[in-house]
Amino acid sequence: CSTPSCTSVASDECYSSRGTEYRGSRSVTASGTTCLQWDSPRLLNHHYTAWRINARAMGLGSHNYCRNPDNDSKPWCHVRKDGMTSWEYCAVPTCSTCGLREPTHA
């Protein structure tokens, strides 16, 4: 069996599965928008912020790094666009699965 070789990538530079455990420092969305701080006053009425009781466990804090606190499909962050506060998926690459065997189908 042959498996592709892997390049070394630090786990904080990419995410696996849905990215709920991602703790890297990427802070830009797929559209190129810079993320808001998770403790921004603009987020006071939002559900996922640095003020949640379990914020630290979710990786939320005094930073604007991409996270996935709600088990969405991939890391995201709050953004400010056209005068509105919203959210967008982040430009965080998925971690490679090189070196893993592909399942065989009979």
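N64 is buried, with a relative accessible area of 14%; buried denotes under 20% relative accessible area, exposed over 50%, and partly exposed the range in between, with a 1.4 Å probe and protein chains only. The model is predicted, so local features require pLDDT of at least 70 and side-chain atom pairs count only at pLDDT 80 or more, whereas totals for chains, interfaces and linings use all residues. Residues are numbered from 1 along each chain as its sequence is written, and side-chain values use heavy atoms, with hydrogens and water left out.

N64 is located in the segment before strand 1, which spans 76-81. Helices (H or I, at least four residues) and strands (E, at least two) are DSSP runs, numbered from the N terminus. The side chain of N64 reaches the backbone oxygen of C35 at 3.0 Å. A polar contact is a pair of N or O atoms within 3.5 Å; within protein, one atom must be able to donate a hydrogen and the other to accept it, and residues adjacent in sequence count only if both atoms are side-chain atoms. When neighbours within four places in sequence are left aside, N64 is in contact with R26, S27, T34, C35, L36, Q37 and W38, contact being defined as heavy atoms within 4.5 Å.

C35, whose backbone oxygen is reached by N64, is also joined by a disulfide to C77, with an S to S distance of 2.0 Å. This pair links distant parts of the chain, C35 lying in the segment before strand 1 and C77 in strand 1, 42 residues apart. A disulfide is a pair of cysteine sulfur atoms within 2.5 Å, and the structure holds three disulfides. The torsion about the S-S bond of C35 and C77 is about -75°, so this disulfide is left-handed. C35 counts as buried at 5% relative accessibility, and C77 counts as buried at 0%.

C66 and C90 form another disulfide, with their sulfur atoms 2.1 Å apart. The pair connects distant parts of the chain, with C66 in the segment before strand 1 and C90 in the segment after strand 2, 24 residues apart. The S-S torsion of C66 and C90 is about -95°, and the disulfide is therefore left-handed. C66 is buried at 0% relative accessibility, as is C90 at 6%.

A disulfide also joins C14 to C95, with an S to S distance of 2.0 Å. Because C14 lies in the segment before strand 1 and C95 in the segment after strand 2, the pair ties together parts that are 81 residues apart in sequence. A torsion of about 95° about the S-S bond of C14 and C95 makes the disulfide right-handed. C14 is buried, with a relative accessible area of 6%.

Strand 1 and strand 2 (residues 84-89) pair in the antiparallel sense over six bridges; two strands pair if DSSP finds at least two bridges between them. The two strands form a hairpin with two residues between them, and D82 in the turn has a positive phi of about 50°. K81 stands opposite M84 in strand 2.

The largest nonpolar core contains 14 residues, of which W38, Y48, L60, C66, C77, C90 and V92 touch the most other members. A nonpolar core is a set of buried Ala, Val, Leu, Ile, Met, Phe, Trp, Tyr and Cys residues joined through side-chain atoms within 4.5 Å. V92 is in contact with E13, C14, Y15, Y22, R26, C66 and P75, leaving aside its neighbours within four places in sequence.
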